[in-house]
Amino acid sequence: MPTIRPLTTADTADCLAMTADRGWRYPPERWRFLLANAEVFGCDDPAGGLAGAVLLARYKPKLAAIGTLLVATRHSRTGLGTRLMRYVLELAGSSTTFLYATPMGRPLYEKLGFQPVHTVAALTGRFAADDIPDATRAAGPADLAAITRLDAEVFGADRSALLAALPGYARHLRVMESAGRITGFVAALPGVDQTYVGPLVAASDADARTLITSVAGRSDDPVRLDLDRSRAGLVRWLTERGLADVTGHPLMVLGDGALPGDRSRLVLPLMSALG
């Protein structure tokens with residue numbers, strides 16, 4: 001079996017080729033962001049390119065996300081996916097570890113001890129906004145410290161490095177305030193032919209609707225939101241505004257670990273690969 005090694009931004013082209021091989025539509029800037037801001041590991045294919053890859057995001061004090069597990073079609077059913085997963089699970093150690101499962105990957109994750117805790121709806125389409133509310137504003141550099149503090153409280157772990165890189169990657173980053181204090185924020189991230197909305201932190205569903213509208217209403221492209229199905233009111237509101245509920249996929253946690261933070265205010269992930 002080929003050696004597992006860390007991947008860098010120099011591997012962007014090979015990562016793009018592998019996602020295209022599997023029918024995943026990743027823009028180059030997404031791979032560059034992931035390679036620069038998370039730990040990505042892969043195996044070289046002796047015939048050229050990559051045979052497989054997987055991402056690990058470790059958040060202090062003890063939380064880890066696994067994502068973007070990919071095995072090139074020509075290396076399917078060779079055990080490479082299992083080997084990559086065991087490699088990053090060893091690195092994650094005793095951290096509470098979670099992932100968003102694809103239908104193809106779910107049997108492997110269950111075999112490794114992951115349990116589904118939520119089902120996520122993938123909502124896509126052109127967002128029909130009556131108007132863009134003025135209750136949000138564009139975030140600036142001076143807001144980063146407050147955003148980071150709020151995110152740590154809600155997410156339950158420190159992802160300050162990711163948030164510091166977010167303004168350079170996001171199409172929009174907007175905040176909501178109450179009594180001079182930031183109580184919510186949302187980003188819009190680039191896709192190949194759509195805009196991904198997230199992360200989204202909001203104090204209520206009403207605030208979530210306002211924040212979503214503030215970025216989705218500014219998008220010339222279709223949007224995608226990965227939203228927990230337990231938020232039935234928000235799912236219904238989004239479908240009423242033109243989004244289709246395309247599919248569902250589970251959020252899975254290893255063993256019986258509980259995710260930290262205040263998940264009632266964590267409405268959308270940064271992206272499925274990072275949580």
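The questions and answers below concern this predicted model.

Visitor: On what basis are the values given?

Guide: The model is predicted, and local features need pLDDT of at least 70, side-chain atom pairs count only at pLDDT 80 or more, and totals for chains, interfaces and linings use all residues. Residues are numbered from 1 along each chain as its sequence is written, and side-chain values use heavy atoms, with hydrogens and water left out.

Visitor: Which residues of helix 8 are buried, and which elements do they pack against?

Guide: Helices (H or I, at least four residues) and strands (E, at least two) are DSSP runs, numbered from the N terminus. Buried means under 20% relative accessible area, exposed over 50%, and partly exposed in between (1.4 Å probe, protein chains only). Helix 8 spans residues 232–240, and its buried residues are Leu 234, Val 235, Trp 237 and Leu 238. With contact taken as heavy atoms within 4.5 Å, these buried residues pack against strand 6 (114–125), helix 7 (205–216), strand 11 (223–228), strand 12 (244–254) and strand 13 (266–268).

Visitor: Which residues are exposed on the other side of helix 8?

Guide: An α-helix has 3.6 residues a turn, so residues three or four places apart point the same way. The buried residues of helix 8 fall within an arc of 165° seen down its axis, so they line one face of the helix; the arc is that of the directions from the helix axis to the C-beta atoms. The exposed residues on the other side of helix 8 are Arg 236 and Glu 240.

Visitor: Within what arc do the buried residues of helix 6 fall?

Guide: In helix 6 (residues 160–169), the buried residues are Leu 162, Leu 163, Leu 166 and Tyr 169. The face turned away from them carries exposed Ala 161 and Gly 168. The buried residues pack against helix 2 (28–37), strand 3, helix 5 (144–155), strand 8, strand 9 and strand 10. They line one face of helix 6, because seen down its axis they fall within an arc of 110°.

Visitor: Which strand gives the most to the lining of the second largest pocket?

Guide: On a 1 Å grid over the protein atoms alone, a pocket is an open set of points where a 1.4 Å probe fits, with protein on both sides within 12 Å along at least five of seven lines; lining residues have an atom within 4 Å of a point. The second largest pocket has a volume of about 220 Å³. Of its 16 lining residues, the closest to the centre are Tyr 100, Asp 228, Leu 251, Arg 263 and Leu 266. The most, three residues, comes from strand 13.

Visitor: Is Thr 68 buried or exposed?

Guide: Thr 68 lies in strand 4. Phi of Thr 68 is near 55°, a positive value in a residue other than glycine. At 8% relative accessibility, Thr 68 counts as buried.

Visitor: Is Ala 179 buried or exposed?

Guide: Ala 179 lies in the loop between strand 8 (172–178) and strand 9 (181–190). Phi of Ala 179 is also positive, near 55°. At 84% relative accessibility, Ala 179 counts as exposed.

Visitor: What is omega for the cis peptide bond that joins Gly 198 and Pro 199?

Guide: Pro 199 is found in strand 10 (residues 195–201). The peptide bond joining Gly 198 to Pro 199 is cis, and its omega is about 5°.

Notes:
Points joined across faces, edges and corners; volume = space filled by probe spheres on them.
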